[in-house]
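Dear colleague,

I am handing over the structure below, together with some notes on what turned up in it. Please look through it before reading on.

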Amino acid sequence: MKRTLAFGGLVATAGLLAAGLAAPANAQVPNDSVPTVVLANTNMAAKQIAAFWYGEAKANLIGATPYNVETKVVAKHVSKGGPAADSKPGVVPAIGDEKKTTAKSKNVNLPKTTGKVFFIGADHKPHWCSATSVQSNYRNLVATAGHCVYDTESNKATLDKWVFIPGYYQGKTPWGIYVGKQAFTHYDYDVYEDGDRNYAFVTVYNGVLPTDAGRAKYEKVWETEADAKKDKVRIETDKTTAYSNIEIETVVTGDIVAVGTAESKKIDDIQVAEFMRLNPNKALTGEGPWATGSGASVPAEITKDAYARDVDSYVSSDQKTYYFRKEVKGDKVSAMQKPNEGGSGTNGDGRGGGGGGGGQQTKQYKYFKRTFWANYDLDYKVCARYFSIALKDVGRLGDNVGGQGLAYNQKLGNPVFVFGYPSGAHLDGNYAYSGKTLKWAYGKTFAVQVPAIKGEELQGMKSSFTGEGSIGSSWLLKYNNSRRLGYLNGVTIGVSDTDANNRFDTSVSPYFDGELYDVYKHAANLWSGKIV
């Protein structure tokens with residue numbers, strides 16, 4: 001039984017009705033039946049999520065694609081059916097609309113409350129849905145579809161690095177980024193993926209905007225590869241961070257161990273100075289004994305021309321080869337040396353020698369080179385990068401863009417406006433929407449059942465919105481065109497082609513009843529605060 005949602009670097013408790021609990025739909029669920037675990041409860045945790053989306057010139061935001069999980073409802077499974085009010089109708093007024101005003105306008109003015117939620121999907125890629133700001137005690141609440149929070153595709157806890165951006169357009173964040181803090185959905189959706197309860201409310205921190213950006217590095221060295229792998233997994237699954245380029249590098253320590261030791265590495269050509277460090281007071285021309293885990297090659301004899309210097313020993317320019325010479329006593333001259341030519345008056349080293357007579361005899365040498373090796377103990381370094389961004393606080397979501405009211409247990413057949421960011425193609429391949437700009441649809445609600453998604457108490461409305469991007473779109477009842485406010489009465493969870501002409505013609509939402517109000521009520525009274 002899943003009770004915890006892992007959410008955008010944050011973690012939140014999801015179910016509002018305990019298993020087997022039968023509560024009146026219009027009764028508030030007691031707080032002790034709902035774990036209120038606050039995730040990303042540090043400023044740094046939320047800051048890293050915002051940095052993830054702002055970093056790299058907003059590449060993750062701009063590259064995000066519309067979420068397309070469980071969005072298409074098969075037409076033959078859509079039937080007329082049965083939501084009904086489970087208690088008296090109720091409304092929560094919108095922010096700024098607590099006192100009713102009336103006005104008329106012929107044009108449809110788009111609400112500032114609508115925007116996109118961004119997150120990392122089960123495919124580890126950035127995606128988005130539509131969402132809207134709603135009224136709450138602390139003006140910090142977002143409403144969207146349940147599967148734009150809970151990952152039904154991989155059955156992970158929640159979608160990762162979740163943020164809400166009202167008014168988003170091509171990388172622009174006019175009112176800032178609002179990092180999700182705690183997510184709430186209905187127990188039946190959390191556990192059974194019940195389509196009738198496919199909605200979510202998310203509390204968000206104050207919005208932030210960047211003032212400066214950069215990148216920082218994480219590095220930690222572990223003695224064993226197993227420990228390094230554990231650290232790597234910890235970073236990859238830590239939803240309070242925004243790490244990238246996570247790798248494990250081997251680190252050669254200064255300690256040597258016997259060849260064959262686990263987690264060690266033999267290096268055949270170490271620098272001469274390093275070998276001297278490992279074998280102090282040992283002659284490099286000798287045969288040791290060398291320290292355990294180190295050794296030298298057998299001296300290889302070379303020609304005088306290859307030796308190329310008139311010194312007793314030297315180290316190569318790359319510091320890895322040791323050259324030395326040994327004087328040859330008496331008549332023992334190496335076959336590798338050039339012999340004196342009779343009567344030439346020269347010695348083998350090219351200097352004048354008196355022909356074989358009584359002049360001073362020149363020294364003769366053999367020339368050698370050798371290399372050295374060591375077998376080092378290995379450590380393992382976990383390396384990662386993360387975005388480091390200076391952020392400024394821009395205040396609460398509701399103060400900046402307002403918040404829609406909430407209506408529940410309303411009679412079907414009322415007209416609603418639907419606002420969202422539809423994207424993608426119709427079934428016939430026609431791309432009607434780009435997902436870049438906010439669009440609207442208008443129509444009356446009607447009862448719908450979709451058994452394929454366990455939906456017996458759904459509502460529909462005629463709309464040409466395609467599913468990609470429009471999921472989470474807000475259904476606003478009694479929308480006031482001048483104030484751009486109304487009552488949230490649904491969220492799009494799927495679209496359907498009901499007349500089989502390969503064009504989507506119907507949007508579907510859960511029916512908002514008293515059970516939804518219970519979920520909303522619990523989320524609407526929780527404080528979030530600032531992250532900077």
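**Disulfide and cores**

The count of disulfides comes to 1 in this structure, which is a predicted model. The disulfide joins Cys129 to Cys148, with an S to S distance of 2.1 Å, and the pair links distant parts of the chain that lie 19 residues apart. Cys129 sits in strand E7 (residues 126–134), whereas Cys148 belongs to the loop between strand E8 (141–144) and strand E9 (160–166). The torsion about the S-S bond of Cys129 and Cys148 is about -80°, so the disulfide is left-handed. Both Cys129 and Cys148 are buried. Another cysteine, Cys383, has a relative accessibility of 10% and therefore counts as buried, given that the cut-off for buried is under 20%.

Turning to the nonpolar cores, the largest one has 47 residues, and those with the most contacts inside it are Trp53, Phe118, Ile177, Val179, Phe201 and Tyr520. Helix H1 (residues 43–63) gives the most to this core, contributing 8 residues. If neighbours within four places in sequence are left aside, Trp53 is in contact with a set of residues that includes Phe118 and Ile177, along with Lys58, Asn60, Leu61, Phe119, Ile120, Pro126, Lys161 and Val163. There is also a second, separate core of 25 residues, and among them are Ala131, Val149, Leu159 and Val508. As general background, nonpolar side chains tend to be buried together in soluble globular proteins.

With best wishes

Note on methods:
Residues numbered from 1 in each chain as written. Predicted model: local features only at pLDDT ≥ 70, side-chain atom pairs only at ≥ 80, totals over all residues. Heavy atoms only, no water. Core = buried A, V, L, I, M, F, W, Y, C linked by side-chain atoms within 4.5 Å. Buried < 20%, exposed > 50% of the residue type's maximum accessible area, 1.4 Å probe, protein only. Helix = DSSP H or I, 4+ residues; strand = E, 2+ residues; numbered from the N terminus. Contact = heavy atoms within 4.5 Å. Disulfide = S-S within 2.5 Å.
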